[in-house]
Amino acid sequence: MSYLKKVGRYGGSVGLGALLAVGLAGCQQRSDEGATASSVQRAQPAFVVIEEVAKGRYKIAEEFPAKETRIVLKKLDGTEKVMTKEELDYLIKKEAAKIEDGTSNLVKPEGAQVASQGGMGIGEAILASAAGAVLGSWIGSKLFGNPNYQSARKATYKNPSTYSRSVNSFGKKGASSTSSSKRGGFYRSSGSGGRSSARSGFYGG
Amino acid sequence: MSMVELLKITPPDSAYLEKLGFLWHTDSDGTPYLTDTLVKVTESEAEAFYEAGNELYDMFVEAGEYVIENNLFHEIGIPFNLVDMVRESWENDVHWHIYGRFDLAGGIDGEPIKLLEFNADTPTALFESSIVQWAALRNNGLDESAQFNMIYEKLEENFKRLVTLEESVENFDSLYEGWKFLFSSVRGSAEEENTVKLLEYIASNAGFDTEFAFVDEVEFDPAEGIFHDDENFELWFKLIPWESIALDEPDLAMLLTSIVKNHKAIVFNPAYTLMFQSKAMLKILWDLYPGHPLLLETSFDRLDGKKCVSKPLFGREGGNVDILDANGERIVGNGGEYGEYPRIYQEYVELPRDMQGHKYQAGLFFAYESCGIGFRRGGEIMDNMSKFCGHIIEG
């Protein structure tokens, strides 16, 4: 078992080193100050409808969280088809090569403009959709870490509300809610009953 | 009978422990919670613990599937108002199990490892196992790598899997979308609070945007999700047993069910860990894997002619546990608040002992894989007054 003998195991873990040096409370102050979060796409299976808006140009019409990833292609002539795994693999592979050499609109600075005007190529639209993170996960940071990607993908949605609805249905809420149906105060009375700074040991089993 | 060999050490002093955030170093009778000894474990014993945890977890997953498929929620004591939640959480990988702790007999001095129970929902002893027992090695000038203890590192890794949803955590940074992670305990217990704060700290080091709030400060909206200070949190960890939510705060159980079904938040540990936590699973496991070397015979009825331990389905810390002799007579028992639950009967097994007659039970942490052990030292039944004893690998 290799990790039993991993010498200096805590040398590799900055977090644990800090914890031992300044304790939990000290670390927490620090991590509060330094808390940052990147805003990158998250991999979750999705049902996506991609619509052909002009010959060979595509936009994302609809997308929802789903049990498994499915992409429906709605063509100019009104026909719809579910794309097969082979078709998706082929298109994403092709797009990955363009991402690699920088010719994909997803990673070009003018990508967002191209997307919002005429629409994207089919491979670009697939990777811009919510399904992109799942299907293209192997492409990794070259795509998802590229700042042009985020703006290009927003612009690939058929209208802005499709994008914001999608973001919401995937659980991400922008602003806080003022809804009055929130409930709180659970366990308010049960918490302090006889517990102290001593060990409660309550949930250990 | 197997014997535990000990190494005498100077335990970390109270001031140092308090600085770390480990405030529960003294028991209510004034005795130290940490022993001044370490259990000596051989490398092959540590290896066997590691393998046992991985195998047991796979078996629990099989047993969970069996419960779901056969609708055995009532049989294993899942409160009716959590059944939907258990099912929902079981069906989607986003409900990732962060960590659990197997309690095991044996594993020392040639005794076979036997599963006593699985604390899958709200395991404590995390701080002492991951941090304090290692600090004991360090403060005593012992080999810092001579411990089966990757709990901190494996938890950090497993937090990342909440986003990557696969073994590899390589793509965490590119996949993490900034979902906020709230950590909560019930107000009034330093142990629970700092166990949760330790988890929060590990998650923030993994890269999550985190915050802590006592559960009474958290607001729940069935259509909008989970809020603290008007800020929305997509991820919520609660060190509160699911069955307590079901029975003590049924409205909260209802709200959480709606929130999870509406995909407004993900709650950890997932509701299905309550199935694993139910001691009736020990009976299900015995049915599915009769005679398995890691299991003890377990039944809903007394084991005729066998000394056995009777435990309530959701008791914790040894509450309402009785030991019965071969004739079904109670030899020893703990009182407690769990007496109303149905019970299981598990074949009695002798725990390893030291020269003074103290008994030792291993706690094996599991976070996607087995990741570390610690020991509890106590009497016949491990309870709230049992002590924590670290370990060292020798040989």
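Predicted model: local features only at pLDDT ≥ 70, side-chain atom pairs only at ≥ 80, totals over all residues.
In chain A, the hairpin of S1(A) and S2(A) has two residues between its strands, and A:Gly56 there takes a positive phi near 75°.

- Strand S1 (residues 46-54) and strand S2 (residues 57-65) of chain A run antiparallel and are joined by eight bridges.
- Within this pair, A:Ile50 has A:Ile60 of S2(A) as its bridge partner.
- Strand S3 (residues 70-74) of chain A pairs with S4(A) over three bridges in the antiparallel sense.
- Across from A:Val72 you will find A:Val82 in S4(A).

**Chain A as a whole**
- Chain A holds eight helices and four strands.
- Read from the N terminus on, its elements run α-β-β-β-β-α-α-α-α-α-α-α.
- Chain A has 205 residues, and 45% of them count as buried.
- Among contacts in chain A with a separation of 6 or more, 58% come from residues 24 or more positions apart.

**Two packed helices in chain B**
- A pair of packed helices is described by the angle between the axes and by the distance between them.
- In chain B, helix H4 (residues 126-139) packs against helix H5 (residues 151-164) at an angle of about 120°, and their axes are 9 Å apart.
- Because of that angle, H4(B) counts as oblique to H5(B).
- On the H4(B) side, the contact is made by B:Leu126, B:Ser129, B:Ser130 and B:Ile131, while H5(B) brings B:Ile151, B:Tyr152 and B:Leu155.
- Sorted by class, this contact of H4(B) with H5(B) has five nonpolar residues, two polar ones and no charged ones.

**A three-stranded sheet in chain B**
- Three strands of chain B form an open sheet in the order S7-S8-S9, with antiparallel pairing.
- Its edge strands are strand S7 (219-221) and strand S9 (231-233) of chain B, each pairing on one side only.
- On average, neighbouring strands here are turned by 35° against each other, direction ignored.
- Strand S8 (residues 225-228) of chain B is joined to S9(B) by three bridges, and the two run antiparallel.
- B:Ile226 has B:Phe233 in S9(B) standing opposite.
- Helix H9 (residues 250-261) of chain B lies across S7 and S8 of chain B and runs at about 55° to S7(B).

**Backbone details in chain B**
- Most residues other than glycine have a negative phi, and most peptide bonds are trans.
- B:Asp109, in the loop between strand S3 (100-105) and strand S4 (114-119) of chain B, has a positive phi near 55°.
- With 43% relative accessibility, B:Asp109 counts as partly exposed.
- B:Ala125 has a positive phi near 65° and sits in the loop between S4 and H4 of chain B.
- At 8% relative accessibility, B:Ala125 counts as buried.
- The peptide bond from B:Phe268 to B:Asn269 is cis, with omega near -15°.
- B:Asn269 is located in the loop between strand S11 (266-268) and helix H10 (273-277) of chain B.

Notes: Residues numbered from 1 in each chain as written. Chains lettered and ligands numbered in written order. Heavy atoms only, no water. Axes fitted to C-alpha atoms, helices over the stretch in contact; angles between N-to-C directions. Parallel < 35°, antiparallel > 145°, perpendicular 65-115°, else oblique. Contact = heavy atoms within 4.5 Å. Nonpolar A, V, L, I, M, F, W, Y, C, P; charged D, E, K, R; others polar. Pairing = 2+ DSSP bridges. Buried < 20%, exposed > 50% of the residue type's maximum accessible area, 1.4 Å probe, protein only.
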